[in-house]
Amino acid sequence: MELDDYLPTLQRTNARFAEAAAAAVLDKGWAARVPGCPDWALADLVWHLAEVQNFWSWVVGTRAADPSGYVEPERLPDDELLGFLAGRSAQLETVLAGADPAERVWTWAPRQDVAFVLRRQAQEAVVHTADVEQVLDDVRPIPADVGLDGLDEWLEVMVPGALPQGPPPEAHPVVFHALDADAERTLFPGTRPFPIAAVTGNAGDLLLAVWRRFPLEVLTVDGDSLQAAAMINLVQLD
């Protein structure tokens, strides 16, 4: 994806999340469990995305150099969550639209600029939209370019963040083949002469698999599927 693609992706994804969340409330209720986040009910998922977007609106809007000045909002009653989410999504989109991507702001990663926030918030919304769609049993395909970018972000940002000392001794390469993007990516390249498995599927499905939203069984695995899953599970994220 190009830098200019992130904000439109975020806008479209926010709209889909809101639509799916409203439908899920009507169909399943606020207490419905979220398959991709087993400890969460639907209300927790909506609150999480709203609070995350509120935080990053504050970071970019204030050009924060650190997060110490942020005041967390109090958890709202369930019947106010969709309205709060709509406001926070609109605020984040507006703040990001008015910011220079090269401008410096605090992030939790080595990259400290608005461009990082653009990418991260687009991908955050993509994965959580799949979460709410799973509540509805209506997971929509993720566009190939968005899925591949999310897989790249996971490999470039999340893996080093989770394993700052590098791959552990038990690491083996796992190759990802994104059919719809005609692309190949590798987890833990160079740790062994040959990969332990190759996982093939559409880029969006690969993205959801590395974020543990889809089991590897929904993809095609050539090699040791149990070890492939174990390699992905070495990347432990909060």
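Contact here means heavy atoms within 4.5 Å, and the structure described is a predicted model. In that sense, helix α2 (residues 42-62) and helix α4 (residues 114-136) meet through Leu42, Leu45, His48, Leu49, Val52, Gln53, Trp56 and Val60 on the α2 side and through Val114, Val117, Gln121, Glu124, Ala125, His128, Asp131 and Val132 on the α4 side. The points below take up this helix pair, the nonpolar cores, a buried glutamate and two residues with positive phi.

**The pairing of α2 and α4**

- The axes of α2 and α4 come within 11 Å and cross at roughly 170 degrees; because angles over 145 degrees count as roughly antiparallel, the two helices are described as roughly antiparallel to each other.
- By residue class, the contact of α2 with α4 divides into 10 nonpolar, four polar and two charged residues.

**Nonpolar cores**

- The largest nonpolar core has 39 residues, and those with the most contacts inside it are Trp154, Val159, Val174, Phe176, Leu187 and Phe188.
- Two or more residues are given to this core by each of α4, α5, β3 (174-178), β4 (183-187), β5 (197-201), α6 (203-210) and α7 (225-233), with α5 giving the most, at eight residues.
- When neighbours within four places in sequence are left aside, tryptophan 154 is in contact with Val159, Leu187, Val210, Trp211, Arg212, Ile232, Val235 and Leu237.
- A second, separate core of 22 residues includes Trp30, Val34, Leu45 and Phe84.

**The buried side of α7**

- The buried residues of α7 are Ala228, Met231 and Ile232, and they cover an arc of only 100 degrees around the axis, so that they lie on the same side of the helix.
- These buried residues of α7 pack against α5, β3, β4, β5 and α6.

- Apart from neighbours within four places in sequence, glutamate 153 is in contact with Arg119, Arg120, Gln123 and Met158.

- Arginine 63, found in the loop between α2 and α3 (81-97), has a phi near 55 degrees, a positive value in a residue other than glycine, and at 31% relative accessibility it counts as partly exposed.
- Aspartate 137, in the loop between α4 and α5, likewise is a residue other than glycine with a positive phi, near 60 degrees, and with a relative accessible area of 65% it is exposed.

Conventions. Residues numbered from 1 in each chain as written. Predicted model: local features only at pLDDT ≥ 70, side-chain atom pairs only at ≥ 80, totals over all residues. Heavy atoms only, no water. Axes fitted to C-alpha atoms, helices over the stretch in contact; angles between N-to-C directions. Helix = DSSP H or I, 4+ residues; strand = E, 2+ residues; numbered from the N terminus. Parallel < 35°, antiparallel > 145°, perpendicular 65-115°, else oblique. Nonpolar A, V, L, I, M, F, W, Y, C, P; charged D, E, K, R; others polar. Buried < 20%, exposed > 50% of the residue type's maximum accessible area, 1.4 Å probe, protein only. Core = buried A, V, L, I, M, F, W, Y, C linked by side-chain atoms within 4.5 Å. Arc of directions from axis to C-beta.
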